[in-house]
Amino acid sequence: MAMATVKLSSPATNLLAGGRTRRSAPASRATVIRAAAGSYSDELVSTAKSVASPGRGILAIDESNATCGKRLSSIGLDNTEPNRQAYRQLLLTTAGLGEYISGAILFEETLYQSTTDGKKFVDCLKDQNIMPGIKVDKGLVPLPGSNNESWCQGLDGLASRCAEYYKQGARFAKWRTVVSIPCGPSALAVKEAAWGLARYAAIAQDNGLVPIVEPEILLDGDHGIERTLEVAEKVWSEVFFYLAQNNVLFEGILLKPSMVTPGAEHKEKASPEAIAKYTLTMLRRRVPPAVPGIMFLSGGQSEVEATLNLNAMNQSANPWHVSFSYARALQNSVLKTWQGRPENVEAAQKALLVRAKANSQAQLGRYTGEGESDEAKKGMFQKGYTY
């Protein structure tokens with residue numbers, strides 16, 4: 001028995017008598033966006049655009065208390081809340097920072113802290129038109145059934161936490177998971193990373209926070225840049241597949257990818273031009289132009305190296321805002337200048353502005369690297385780095 005074939009009309013057409021069709025008016029962009037992200041959609045898009053604004057990037061100070069303690073111990077300070085508060089106050093009260101920094105990722109403790117004068121850190125940021133952000137993942141744990149790989153925990157209770165962070169003034173979030181090239185990476189680890197990021201992103205958007213999507217491909221290994229490109233393309237393909245499955249609004253997210261570089265132990269280093277070429281190739285193959293901002297992590301590169309590579313990527317037009325979300329590559333010189341001494345605060349803040357301005361120039365494609373200190377050229381890669 002022959003089966004009848006029924007051709008379904010597209011969503012944009014209506015069937016009329018006699019088989020004729022009438023094309024409906026296309027939905028407006030605003031309507032499509034609202035349908036994708038619910039009541040916060042317009043705000044999410046506005047927040048993402050604000051963070052991805054010309055000449056500005058993100059200051060990442062979302063280290064856990066334990067990792068912040070390691071930073072403090074490097075200058076001889078104990079890991080106490082007053083010392084953590086003093087350091088973060090130094091950073092967040094730097095006059096003029098908002099010219100170069102559009103967002104600051106905070107750890108939960110910092111989101112609820114105030115200056116020693118009683119002003120909320122969130123308000124210090126808002127006064128400089130810097131969006132407050134918040135780290136929402138709960139860290140890496142071993143992934144059973146994998147090749148000694150990790151997965152990121154924190155989905156349990158995430159919705160209620162995001163709602164509370166929004167009330168406190170946060171407007172974007174960050175979730176970091178990692179992929180290790182020396183460990184394979186296994187298909188299980190890649191899928192787990194992509195699915196976890198997608199669930200987090202959907203939950204964050206549902207509670208008014210722009211999600212930063214960060215599957216960090218670790219620098220560990222002796223592989224070449226071609227292998228990094230291969231893995232990066234695979235990872236980002238999976239990430240966007242699951243983001244779409246979870247109805248995440250692409251106009252209301254930001255990405256925090258690793259640059260495509262050789263492994264840290266590879267015998268040959270790549271030039272900024274080569275890194276830019278491979279990284280942009282990966283982005284153009286895998287990232288939709290609807291995404292407003294690509295905020296690169298530094299991943300253990302030296303301060304100057306991270307800035308030079310970013311600058312190389314901005315020598316021609318990109319469909320996205322290509323910028324930075326640096327932690328160590330913005331803070332290393334600051335810590336060493338401060339040394340925990342009140343009399344050094346002003347000099348340390350000047351050091352922060354120097355690094356922030358350099359990366360602002362790199363975002364605009366105008367950084368030259370002239371006048372940089374030897375200290376700023378020292379690499380900060382740590383094998384098996386955790387935070």
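This is a predicted model: local features need pLDDT of at least 70, side-chain atom pairs count only at pLDDT 80 or more; totals for chains, interfaces and linings use all residues.
I started with α11 and α13, which are roughly parallel to each other (angles under 35 degrees count as roughly parallel, over 145 as roughly antiparallel, 65 to 115 as roughly perpendicular and the rest as oblique). Residues are numbered from 1 along each chain as its sequence is written, and side-chain values use heavy atoms, with hydrogens and water left out.

**Entry 1: α11 on α13**

I looked up the numbers for α11 (residues 303-313) and α13 (residues 345-363): the angle is about 20 degrees and the axes are 7 Å apart. Axes are lines fitted to C-alpha atoms, for helices over the stretch in contact, and angles run from 0 to 180 degrees between N-to-C directions. Helices (H or I, at least four residues) and strands (E, at least two) are DSSP runs numbered from the N terminus.

I get a right-handed crossing for α11 passing α13 (right-handed if the near helix is turned clockwise from the far one by less than a right angle, left-handed if anticlockwise). On the α11 side I listed E303, T307, L310 and N311, which meet R355, A358, N359, Q361, A362 and Q363 of α13; contact means heavy atoms within 4.5 Å. I sorted the residues of this contact into three nonpolar, five polar and two charged. For that sorting, Ala, Val, Leu, Ile, Met, Phe, Trp, Tyr, Cys and Pro count as nonpolar, Asp, Glu, Lys and Arg as charged, and the others, Gly among them, as polar.

**Entry 2: is α11 buried or exposed?**

How many of the 11 residues of α11 are buried? I find nine, so α11 is largely enclosed by the rest of the structure. Buried means under 20% relative accessible area, exposed over 50%, and partly exposed in between (1.4 Å probe, protein chains only). My list of the buried ones is E303, V304, A306, T307, N309, L310, N311, A312 and M313. The cover over them includes α10 (272-286), β11 (293-296), β12 (321-326), α12 (328-338) and α13.

**Entry 3: α12 on α13**

Next I checked α12 against α13, which pack at about 160 degrees with axes 8 Å apart. That makes the pair roughly antiparallel. Here too I note a right-handed crossing, α12 passing α13. From α12, A329, L330, S333, V334, T337 and W338 meet V345, A347, A348, A351, L352, R355, A356 and N359 of α13. I count 10 nonpolar, three polar and one charged in this contact.

**Entry 4: α8 on α9**

For α8 (residues 187-206) and α9 (residues 225-245) I have an angle of about 40 degrees and axes 8 Å apart. The two are therefore oblique to each other, and α8 passes α9 in a right-handed crossing. I noted V190, K191, A194, W195, L197, A198 and A201 from α8, with K234, V235, E238, V239, Y242, L243 and Q245 from α9.

Most residues other than glycine have a negative phi, and most peptide bonds are trans. I went looking for exceptions.

- G184 and P185 are joined by a cis peptide bond, omega about -20 degrees; I place P185 in the loop between β8 (172-179) and α8.
- N247 is not a glycine, yet I get a positive phi of about 55 degrees. N247 sits in the loop between α9 and β10 (254-255) and is exposed, at 57% relative accessible area.
- Q339 also shows a positive phi, near 55 degrees. I find Q339 in the loop between α12 and α13, partly exposed at 29%.

**Entry 5: P132**

Where does P132 lie? I find P132 in strand β5 (residues 131-135), and it is buried at 1% relative accessible area. Leaving out residues up to four places away in sequence, I see P132 touching A104, V122, L125, K126, G169, A170, R171 and F172. I also checked P132 to S102: they are 30 residues apart along the chain, and their C-alpha atoms are separated by 8.9 Å.

**Entry 6: whole chain**

Of its 387 residues, 56% count as buried. Among contacts with a separation of 6 or more, 78% come from residues 24 or more positions apart.
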